[in-house]
Amino acid sequence: MATQQGTPSSALRVLEEALGMGLSAAGDTAEAVAAEGAYYLEQVTITEASEDDYEYEEIPDDNYSIPEGEEDLAKAVQMVQEQAADTQILEQKTVFSPKHTVPEAIEDFLCNFLIKMGMTRTLDCFQSEWYELIQKGVTELRDGGIVPDVYTQNMLLENENKILKKDLKHYKQAADKAREDLLKTQKERDFHRMHHKRIVQEKNKLINDLKKLKLHYASYEPAIRVLHEKHHALLKQKMLTSLERDRAIGQISGLQETLKHMEIGHSYHAPEFRVVPTYEKENAPEGPTQKGLREAREQSKCKAKTKVNTKDSEFPTHMQPNPNLGLGKENLGPAKFDYKLNNIFRLHELPVSCIIMHPHKDLLVSCGEDRVWKMVGLPKGNVLLTGLGHTDWLSNCCFHPSGNKLATSSGDTTVKLWDLSKGNCILTFEGHTHAVWSCTWHSCGDFVASSSLDTTSKIWDVNSERCRYTLYGHTDSVNSIEFFPYSNTLLTGSADKSLSIWDARTGKCEQSLYGHMHSINDATFTPRGHMIASCDACGVTKLWDFRKLLPIVSIDVGPSPGNEVTFDLSGRVLAQASGNGVIHLLDLKSGQIHKLMGHESEAHTVIFSRDRETLFSGGSDGTVRTWS
C-alpha cells in the first residue's frame, strides 16, 4: 500500500506505455494488467513470447527498494508492518465486495454516462468520431485506458447508499406509524382501565344497595305479620259488631211491637232477650221478632236480585266429581318421551300464541298474532274453520266443556265467545283497560274468567253477559288464569312473581304462593288437580302441592324463558315450551329431562293429545309442529 501511494504516476505511465504499444490482441494480459492497476505496480516483466510477431518493448526494471546509502532499520520495520497491515486488510475484505469486478473501459464509461444523462446527440457524435478514429488507426489507447475499480466501486456504493436511504425512509415511516399505533393503544388501554374501574365502583354500589334493600325488606316482614294479625282481629271485631247490631235491631223491633200492643190496650209481655251461641240459635224456637226480621231480609234479598239482573247464573254448589281422579296407575301405560318431528302445519303469518285440543274430537285450534284463529282437522292438518273479528293479536283461547263454543282473548282488551257450529262471534266482553293475556271456562259452562295486563282478573257471566267479579290483588300484569278442575277455585300467575288462588263465588283471594324470582308466564293444574306447575321468564319451572300449598321441586332449564307448561293426561309428564325453541319433557317419576329439538325459532305453546301419543307445539315462525 505504501508503494502504491509513493509511485502512482510511474505505475500509470508503465500501463499507458503498455497499452500504447497496441496490445489489444492480447486480451488476457491486458485484463491482468488492468486488475493489478487497481492497486500498484512494482515491476512488469513479460516472460513469454506472444503468439503474434509484434516486438514488445522491454520495461525497465525499476527497483523501489531502499538505496544502500539510505537504509534505515526503523523504516524497514515500518514498511514490513505496513505490508502486514495491508495483507490483513485484504484478507478481511471489509471494503470491497467479495466478487472480482472487471473494470470498465473509458469509452464504455463515457457511453454509459451519456446514455444515463440522456445526451443522445452527444453520444452519436462521440461514437461516430471515436469509431472513425479507430478505423483510421489514429487513436492511441494510452490516451484512453480503463476506469479504475475505485470509481466503479464508488458508483455501486452511491447506488447502495440511495437504496439504504430509501429503506431508512420507509423504516422511519413504519416507526412513526408504530409509534402512533402504540399511543392509540395506550389511550384505549387507559380508557378501558378507567371504564373497568367505573364499572367496578358501580357494581360495588349496586351490591351495597341490594344489601340495604334486603335489610329494608326484612324489616317489613314483622310489620306485615303484625298487620295481618290486626286485620284478623278487626274482622273478628267487625263480625261481633254486626251480631250486636242485629241483636239491637231485634230488641228495637220487639219494643216497637210492645208499644203498639200497649196503645191498643192489650196486655203484652215483652220477650226476654239473651245471647246464645250459634248452635243454640239454630235449635231454639224462633220468636215473632226474629221471624219478622228473617222474612223482611228474605224479601229485601229477592227485591235486590230482581233489580240487579234476573239472568245471573249461580255458581254450582254440588260439583260433579273429577273424572280424572279415577285414573289409577294400573290403568296407565308407560310414559312416552321418544317423540320425533312428524309434520309441520304453516297456519299463521305471524307467531302462534296458543294451541288447544278439542275435548271430544280430533280437532285443534290455534291462535296467532295475525288476529286470526283456525280450527284444524287431524291428522292431515286441513283448515276447517277460521275466525276473524279481533282488532289486535290473539293471546289465548279455550274450549267450552261441551266443545261447541270457543273463548278467545286478545290484545284489543276484549274477550270474545264464538259459536263453532256457525263460526261467528256471539258475545264480546269489554271491561279490561289493557291487553288480555289469558281466558278459561268454568266446568259448568256459565262463566268465563280472564286475566289482563291491567293487573286484574275478571269473571264474566255468560247468561247475564256482564262482569260478576273483578279480582284485585296482583301488583303487575296477570299473565295466566285457569279454573281448578270441576270446582269454583281459580289460579292466577302474575309478573309480580306470585301465584294466587281465588274463590270465584266471592272474588276473594284465599292464598298466595311465593318462590319465583322472575315474572311468571304460565301456571296450570294437573288433570287430577293435586299439583300445580308454573314457569317464569328465566326458564325456572316449579311444582307445588295444591293440597298443602307448598313447593315440591324447582327445575332450572334456563336462561331462555319458559313460555308455557302443560301436563299429559296421566299427569306423569310435564312439557315446557322454551324461548330457545326447545321442548323440555320432565319425567316426574325419575326426574329426567328430555329435549325435543325441531323449532327454528322460539317455541310459544305446547299441548298433548288425549291419547298421549302425539304432542303439538307452536312457534314464532307461524307453524304448528306435530311430534309422534
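Q: In which loop is the place of proline 527?
A: In this predicted model, the position of proline 527 is described by the two strands on either side of its loop, E20 (520-525) and E21 (531-536).

Q: Which residues does proline 527 touch, not counting residues up to four places away in sequence?
A: Proline 527 and threonine 566 are 39 residues apart in sequence, while their C-alpha atoms are 9.8 Å apart in space. With residues up to four places away in sequence not counted, the residues that proline 527 touches are Asn322, Asn324, Pro485, Phe567, Asp568, Leu569 and Gly571.

Q: How many residues join E4 to E5 in the hairpin?
A: Strand E4 covers residues 352-357, and six of its six residues are buried. E4 pairs with strand E5 (residues 363-368) in the antiparallel sense over five bridges, and methionine 357 stands opposite leucine 364 in E5. The number of residues through which the hairpin joins E4 to E5 is five.

Q: Which residue in E27 does histidine 584 stand opposite?
A: Strand E26 (residues 582-587) and E27 run antiparallel and are joined by five bridges. Across this pairing, the residue that histidine 584 stands opposite in E27 is lysine 595.

Q: By what angle are neighbouring strands of the open sheet E16-E17-E18-E19 turned against each other on average?
A: This open sheet has four strands, with antiparallel pairing and the order E16-E17-E18-E19. Strand E16 (478-483) and strand E19 (508-514) stand at the edges, each with a single partner strand, so one side of each is left without a neighbour in the sheet. With direction ignored, neighbouring strands of this sheet are turned against each other on average by 20°.

Q: What is the bridge partner of isoleucine 501 in E19?
A: Strand E18 (residues 498-503) pairs with E19 in the antiparallel sense, over six bridges. The bridge partner of isoleucine 501 in E19 is glutamine 511.

Q: Which residue does a cis peptide bond join to proline 379?
A: Proline 379 has its place in the loop between strand E6 (372-377) and strand E7 (382-388). The cis peptide bond has an omega of about 10°, and the residue that it joins to proline 379 is leucine 378.

Q: What is omega near in the cis peptide bond from glycine 558 to proline 559?
A: Proline 559 is found in the loop between strand E23 (550-556) and E24. The peptide bond from glycine 558 to proline 559 is cis, and its omega is near 10°.

Q: What value is phi of arginine 371 near?
A: Arginine 371 is found in the loop between E5 and E6, and at 44% relative accessibility the residue counts as partly exposed. Its phi is a positive value in a residue other than glycine, near 70°.

Q: What value is phi of lysine 497 near?
A: The place of lysine 497 is in the loop between strand E17 (489-494) and E18, and its relative accessibility of 38% makes the residue count as partly exposed. Phi of lysine 497 is a positive value in a residue other than glycine, near 75°.

Q: Which residues make the nonpolar surface patch of about 500 Å²?
A: Tyrosine 217, which has its place in helix H7 (residues 149-264), is exposed, with a relative accessible area of 51%. The nonpolar surface patch of about 500 Å² is made by Leu210, Leu213, Tyr217, Tyr220 and Ile224.

Note on methods
Residues are numbered from 1 along each chain as its sequence is written. This is a predicted model: local features need pLDDT of at least 70, side-chain atom pairs count only at pLDDT 80 or more; totals for chains, interfaces and linings use all residues. Side-chain values use heavy atoms; hydrogens and water are left out. Buried means under 20% relative accessible area, exposed over 50%, partly exposed in between (1.4 Å probe, protein chains only). Two strands pair if DSSP finds at least two bridges between them. Contact means heavy atoms within 4.5 Å. Patches are made of residues with over 30% relative accessible area and no salt bridge: like charges are joined within 9 Å, nonpolar side chains (Val, Leu, Ile, Met, Phe, Trp, Tyr) within 5 Å. Accessible areas come from the Shrake-Rupley method with a 1.4 Å probe; for residues, only the protein chains shown count as cover. A salt bridge is a side-chain nitrogen of Lys or Arg within 4 Å of a carboxyl oxygen of Asp or Glu. Axes are lines fitted to C-alpha atoms, for helices over the stretch in contact, and angles run from 0 to 180 degrees between N-to-C directions.
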